[in-house]
Each structure stands twice: as C-alpha cells, then as structure tokens.
Amino acid sequence: MLALVRLLQLASPALPVGAYTYSQGLEWLVESGEIKTEADVAEWIGDLLEFGVGSFEAPLLAALIGAWQRDDTIELARLNDDFLASRETAELRAETVQMGYSLVRLLSDLPGFAELAAGRERLLAIDEPAFPTAWAAAAAAWRIPGEMAVPAYLWAWLENQVMAAVKTVPLGQSAGQRLLAALGSRVPAVTERALALPEADWHNFTPGLALACSRHETQYTRLFRS
Amino acid sequence: MNAPFDSCVITPAGSAAGPWRARLQLGFERRGERTVLAERSHIGPLRLQKALYPEGERICHGIVLHPPAGIAGGDELSIDVTVGAGAHALLTTPGAGKWYRSAGAEGRLRQCIEIAPGALCEWVPQESIVFDCALGRLETRVELQGDAAFVGMEMVRFGRSASGERFTAGDFRSAIRISRDGRPVWLERSRIDGGGRLLEAGVGLAGWPVSGTLIVATPVVEDEVLEAWRGVAPIEGDGAVTRLPGVLLARFRGSSCEAGREWFVKLWSAIRPRVAGVPVTVPRIWNT
C-alpha cells in the first residue's frame, strides 16, 4: 500500500520538476494550425504514446528500474547515455536534463527517506542524469514494481501533454478529461507491450515530433520551453 | 518503364545462388598530404567500384557498389570502413539502393565506420528505395575518436512511389548509433511497418513517401552554422534543423528525394568549409 502512495507522489503533477513548462512540440503545432481540435490532440498524443514514449522511453524506464534494483551502475550509465543520445532536438534534450536535475535535487532534499540514500549517491555520480533515470531511482528505492511504475510514468506524461493542449488550443476542462479518459485507456496495452519488448526492438522514430520541436526553437512567442 | 524494376522483383539477383553473404572492408590512411586507400578487401559481390580524387589528393572519394544493385530477403551484407588519423574520405553509391520485396527472410546491411582523431568521413550514399513487402534491416554504427568528424546523409523512399507503389506490407527497421570516445551522441531506432500508422500519422511521415536525415557530428557546432542552416528551407516538403551536443541535424519528409537531397547539399555546403576546409564538390556519379 505504501508503494502505491509513493507512486502517486512520484507521478503527481505537484512533483516540483517543472514538467508543466514543456509542451513537446504541441505549442508549435497549435501555432501553425496543424492541431486545432480535440480530435487532432487525441490523434497526436495517442500516436506519440504508441510510437515514441511507449516504444522507447517506457521500456527504457523499466530497464532502468531493473538496473537500480540490481545496483548495476554500468548499465545505469549506459541507459542514461542512450536516452540522452536518443532525444531528437535541443529542447527535448534540455527538458529531460532539467527535469532530471530538479528531481535529483528534490530527492537530495528528502533526507528522511533513508531508502533513497544509495540511489542519491549514484545519481550524483552521473554527469547528466536524465529524468527517467532519476525517476527510476526513486521508484526502485520505494519498491514500486515496473508493472506499476511504467503506467504511472506514462500517465504523468499523458496528463502533462493533455494539460499543455488544454492551455494552447485551448480546450475546456471537460475536453481535457475526455482526452485523458480516452488516451488513458490505451496505457495498459502500451505498458504490456513495453514491458515485453526486448531492447533490440525498442524504437523511437517520430520525425513529425522532431520537426515540430525543431521549429518550436525559433517560434516567436512561446509560453512553453519545448 | 517499370520493366527493369519488375524483373528485379521477380528474379532478385543472387537468388540463383541463394542469398548473398558479402563483406567489404576499407581502410583509408593519411600519407603526407594524401589520403590513400590502404586497405581494401571483400568477400562476395560487395565492392569499391572506384577511388577517385576529384578534389585533389587530400580527399579520397569512393563509390561503394552493391552488385545486384539491391538487397533481397536473406542477404547479409556488411561494410566496415576505417578512416585513419588526419585522413578524409567521402563515400557514396552509384545509384539508388534498393530493398527488394521479400518472401519472408530479412535482408540485412550492417555498416560500421570508425574515424580516428583529426579525420573526416562523409557518408553520402544516394537514396534507398524500400519496395513494397520488403523486410529490411539496416544497422549503422559510427565510432568517432577525439576530434574526428562525420557527415552522414540518409534518404529513404517507402514504396516505388514514382510508379504509384505504396509501402503496404513488410517492414523496414533502421538503427543508427554515433559515438564519440565510446559514448553515444546520437541514437535512433526506426521501425516503419508497411501499411502501418507511422506512414500516415503526423508524428511519423504524414503521408509523405520520403524521409531523410542529414547529420553532422563534430566536437563543436558553432552558432553561425546553426543560424546558416536555419536560413535554408527545402523547396518542397517539410524540413527543420536542430543542434544537440556535438551534433547538427536536419530532417526532411517530402515526396521527392531530389528536393531532399538538394536541401541537404545546401546545408552540407554551409558547414563543409569548417569541417573539411573546402567547399562541397557534389560527386559526379550523382548526376549520371
């Protein structure tokens, strides 16, 4: 039961890592008119869930949790490096590095959690801990199993994406909840596939995301950092 | 006009003798002011057609030939290139690469490029065409040491779209990993299923048949180069650029390989004087 409570804390939008400042290209897509409606949002986020986050970041997160559980520092460094190298654009890379940094700092500010001590030390030894690397450290320390951690991580990403769409399109709060309900119902299948996917089959080819995020770098008026 | 293609589909080269197992190893070295082809060996029908010096003796251009002009199911090809300290090699291909329709076996091409300090390798093959029902597996590994530099161009057309063919079945997977001193600076693993959602989805190819990437890996990418790249747009299709640590990247999706290539050549031209000391000389074989 405690693991669930800890997981809710970790996946909460209240986690002070600044997730809400990133739109991952949505802001540009709205500005350029490519995304106009609730249906457009559902399609874009649903495809990213399937072909980006769900098929690369999610299985990588599960592997990171496993590496933290085994305290396999070589594997942690390798997965962290691979994740950073897989970020498609400057802003997407800066996003995970900033959120990773903030989460490491936050974990360091929780001295009451003795179970985090070992992970904290290891995290500080990684020169640029990515967000999933730091997140996995906390999940492993709090004994949250991969089959719970991965859907929660996907959910947190989904919630952030939908909230960014609600702000930019803009959409009403009910539309936001409809989107979360519809997209959320795809999380179990995406998780199941992610957990079963061998590393040789991980894939992250989403050129549309890369193009949108590249263009966001030079967008004139921006509220979001990606 | 489709006859040559169709005959290849029905009788993929190599089928009489079974699938190809081929390997090409090339080693470039700098001797004095010259880049020489110091090592060249092959097993099977994969070879270097020519080593040329159109830009003078400092830069060696090589044309890599896959003899049946394409890769069929069951083929296993591998290319290993080493570029020694201070050398400069440019490698291209004589025409479009082809990934033929497969009855069930995967066709594989593995490419490994090692680049020593002070060296530059420009890997600029012509486009690849993934035939409908192809099962293609492309793996590219680039290992940079010290201040080595790499320029890589990749352009893939899904389906022989010029003749109306679409990529409706089969799948194409491509993994690229570029490392400097053992740590990855760029990693992408793509998987495109024939008839799959990524072909049409906005996050994917958005209905365009051609996808391209131009990547330049150098220790430092100056602001002026990024600005210059941002100032050039493709004449057709969709393209944008970004900069990552030690990597400058351009992406393209469109209906025409030529438009993509033309854009990439402009971008390549904007950075080549900095990485190679000379402007771009487009390989003549591209125009034949």
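In these notes Ala, Val, Leu, Ile, Met, Phe, Trp, Tyr, Cys and Pro count as nonpolar, Asp, Glu, Lys and Arg as charged, and the others, Gly among them, as polar. This is a predicted model, in which local features need pLDDT of at least 70 and side-chain atom pairs count only at pLDDT 80 or more, while totals for chains, interfaces and linings use all residues. Residues are numbered from 1 along each chain as its sequence is written, chains are lettered from A and ligands numbered from 1 in the order in which they are written, and side-chain values use heavy atoms, with hydrogens and water left out.

**Cavities**

- The structure holds two cavities of 30 Å³ or more, a cavity being a set of points, on a 1 Å grid over the protein atoms alone, where a 1.4 Å probe fits but cannot get out; grid points are joined across faces, edges and corners, and a volume is the space filled by probe spheres set on the points.
- The largest cavity has a volume of about 50 Å³, and its lining (residues with an atom within 4 Å of a point) consists of Pro125(B), Gln126(B), Glu127(B), Met153(B), Met155(B), Cys257(B) and Arg261(B).
- Two or more residues of that lining come from each of β12 (149-158) and α4 (257-276) of chain B, where helices (H or I, at least four residues) and strands (E, at least two) are DSSP runs numbered from the N terminus.
- Sorted by class, the lining of the largest cavity has four nonpolar, one polar and two charged residues.

**Helix packing in chain A**

- Helix α3 (residues 38-70) of chain A packs against helix α7 (residues 131-141) of chain A at an angle of about 50 degrees, with the axes 8 Å apart; axes are lines fitted to C-alpha atoms, for helices over the stretch in contact, and angles run from 0 to 180 degrees between N-to-C directions.
- That angle makes α3(A) oblique to α7(A), since angles under 35 degrees count as roughly parallel, over 145 as roughly antiparallel, 65 to 115 as roughly perpendicular and the rest as oblique.
- On the α3(A) side, Leu61(A), Leu64(A), Ile65(A), Trp68(A) and Gln69(A) meet residues of α7(A), including Pro132(A), Trp135(A) and Ala139(A), with contact meaning heavy atoms within 4.5 Å.
- This contact of α3(A) with α7(A) has 10 nonpolar, two polar and no charged residues.
- The axes of α8(A) and helix α10 (residues 187-196) of chain A come within 10 Å and cross at roughly 125 degrees, which makes α8(A) oblique to α10(A).
- Gly146(A), Glu147(A), Val150(A), Pro151(A), Leu154(A) and Leu158(A) of α8(A) touch Val187(A), Val190(A), Thr191(A) and Leu195(A) of α10(A), a contact with seven nonpolar, two polar and one charged residue.

- Val169(A) and Pro170(A) are joined by a cis peptide bond with omega of about -15 degrees, and Pro170(A) is found in the loop between α8 (146-168) and α9 (173-184) of chain A.
- Cys133(B), in the loop between β10 (128-130) and β11 (135-144) of chain B, has phi near 70 degrees, a positive value in a residue other than glycine.
- Ala3(A) belongs to helix α1 (residues 2-10) of chain A and, leaving aside its neighbours within four places in sequence, is in contact with Trp142(A), Arg143(A) and Ile144(A).

Conventions: On a 1 Å grid over the protein atoms alone, a cavity is a set of points where a 1.4 Å probe fits but cannot get out, and a pocket is an open set with protein on both sides within 12 Å along at least five of seven lines; lining residues have an atom within 4 Å of a point.
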